Amino acid sequence: MNTRRISIRSLWFYMVRKLWLILLCAVCCGALLAGYKYYKDSKENTETEKENNGSSLSETERNDVENAALQYKYATELEIYMERSPLMQVNSKGEDQVIVEYRILLDLPAGEASFGTVEGTYIQLLRAYINDGLFIGDLIGRSAEYEGHPFLKELVWCNNSGGGEYTLGVMKYDAYPNLVEDVRAVVEAYMEELKQMEPRLRIDAMKEGTVNVYDSSTDSVQKNTYSNMVTYRKNYTTAYNGFSSSQQSYFRYLTGFMKDQGTAKKKNVGISKRYAAVGIVVGFAGGVCLCFLLLYLSLKHATPSDYSENLGLRNFGLITTAGKKKHPLRSWLMRKELKDSLFEKNEDSVDYAAVRIGVFCDNHEIDRLAVLSSKSSETLEKAVTELAMALRKQEVDLLSTEKVGHDSKALAELVNTGRCILLEELQGGNRKKAAELLQFCKENDVEVIGAIGVAEIG
């Protein structure tokens, strides 16, 4: 009588009724796990900022750490450079390059000598304008798309061919479709400024063409940059792994380095979607387990068969009463759970229960029954009144719950009657109290002929 068997169907509908509790557990667990991850990462990053400042280390130990920190700095800078530089993104072995050749000459009168070669006067200015990236300021003046991109100068170069000739080269880049035209325009505008400085200066465009070339210098820059970055990273990682804990702390103090799968990265602080998702799943499962535990420990009955299975009583059926409109979802769930046990009309369920009780009482020559219940409610009172009226047709008197309660006088009357039937409201009766009453009946030779479940359904 103290054990409890729960059917899968009852468990399912109980879970549906307690879905709000399951969702609450899922949301709370997800929020807690994500919050814990946020707090943990914040704390670790804060501790990184407060690491050892090196005061406890010897001069040699500090120098070793500072050298490794420089390697870390170089590797980080190269990594950023490789990510942002257009030159690191182009195909150096097959990228189109636009080549424009120019000639600069001085037209001097016969017999007048030049005070320096053309190379030493104007081509050097052009080379500085192009190779040092001074032209970028003029590019920004033509189009704002070039602003904030200092690496553009790596796509443009100037080579001196001798004899007053020089070559302007521009490598095409998809992100800047007008780069070739804009570079040529600003360079020729600069040459016009040179002619104003020296009226006798003559600048001619000799040849222009687009060719596919293998630029060994570009290829070497890409290879060397990547090789240096890998070397620096390997150097500081190897050094870090060989440091003492105090040296590692000082290294983190200098760099903000956090060891994460062999790379130097500081943990990002933010709401982790992965931890939140895991928390929601765990919380959902925990909510389901909690609902199962609450159902198992609940003192309320769950199904009509609960009386026969868990209290060992004969089941005389189910009586349904009109439910309250303010609980439409509860009534709908109850109807779904008891689908195979319901009648089209509430009166039919009462008549069915009365016939079953009447047949039993006739076979055992019983004409008077008391009502036993673990609690009193409006729904239960209504069911008892309707059942008493129906049992009169079966020539059986049913005492009302007003006479059979749980006080000493009512229990004495129950003992005097000698026979009773248990009426309990589904999901409303007190299983523990009912067991105590049944034990009282057994001890006082009161026969409990069976049980009837009462359900309120709209």
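**Figure 1. Exposed and buried residues of helix α15.** On one side of helix α15, K432 and E443 are exposed. This view, like those that follow, is taken from a predicted model. The buried residues of α15 are R431, A434, A435, L437, L438 and C441. After α15 comes D445, which has a positive phi near 60 degrees.

**Figure 2. The buried face of helix α5.** Helix α5 covers residues 135-142, and its buried residues are F135, I136 and L139. Viewed down the axis of α5, these residues fall within an arc of 100 degrees and therefore line one face of the helix. An α-helix has 3.6 residues a turn, so residues three or four places apart point the same way.

Figure 3. The side chains of E79 and R233 form a salt bridge, with an N to O distance of 3.4 Å. E79 belongs to helix α3 (residues 59-84) and R233 to helix α7 (residues 216-242); the pair, 154 residues apart, thus links distant parts of the chain. E79 is partly exposed, its relative accessible area being 39%. R233 also counts as partly exposed, at 28% relative accessibility. In the whole structure, a search finds five salt bridges.

Figure 4. E192 and K195 meet through their side chains in a salt bridge of 3.9 Å, N to O. Both residues lie in helix α6 (residues 179-197), where they are separated by about one helical turn because they are three residues apart. E192 is partly exposed, with a relative accessibility of 43%, and K195 is partly exposed, with a relative accessible area of 29%.

Figure 5. R419 and E447 form a salt bridge in which the closest N and O atoms are 3.2 Å apart. Because E447 lies in strand β11 (residues 447-457) and R419 in strand β10 (residues 419-425), the pair ties together parts that are 28 residues apart in sequence. E447 counts as partly exposed at 35% relative accessibility, and R419 is partly exposed with a relative accessible area of 30%. Side chains of opposite charge can pair when their charged atoms come close.

**Figure 6. A nonpolar surface patch that includes L23.** The residues L19, L23 and F284 form a nonpolar patch on the surface. Together they have about 260 Å² of accessible area. L23 is located in helix α2, which covers residues 19-49. With 44% relative accessibility, L23 counts as partly exposed.

Figure 7. A disulfide is a covalent bond between the sulfur atoms of two cysteines. The cysteine sulfur closest to that of C28 belongs to C25, and the distance of 6.9 Å is too far for a bond. C28 is partly exposed, at 37% relative accessibility. C289, by contrast, is exposed, with a relative accessible area of 52%. A search of the whole structure finds zero disulfides.

Definitions and conventions. Residues are numbered from 1 along each chain as its sequence is written. This is a predicted model: local features need pLDDT of at least 70, side-chain atom pairs count only at pLDDT 80 or more; totals for chains, interfaces and linings use all residues. Side-chain values use heavy atoms; hydrogens and water are left out. Patches are made of residues with over 30% relative accessible area and no salt bridge: like charges are joined within 9 Å, nonpolar side chains (Val, Leu, Ile, Met, Phe, Trp, Tyr) within 5 Å. Accessible areas come from the Shrake-Rupley method with a 1.4 Å probe; for residues, only the protein chains shown count as cover. A salt bridge is a side-chain nitrogen of Lys or Arg within 4 Å of a carboxyl oxygen of Asp or Glu. Helices (H or I, at least four residues) and strands (E, at least two) are DSSP runs, numbered from the N terminus. Buried means under 20% relative accessible area, exposed over 50%, partly exposed in between (1.4 Å probe, protein chains only). The arc is that of the directions from the helix axis to the C-beta atoms. A disulfide is a pair of cysteine sulfur atoms within 2.5 Å.
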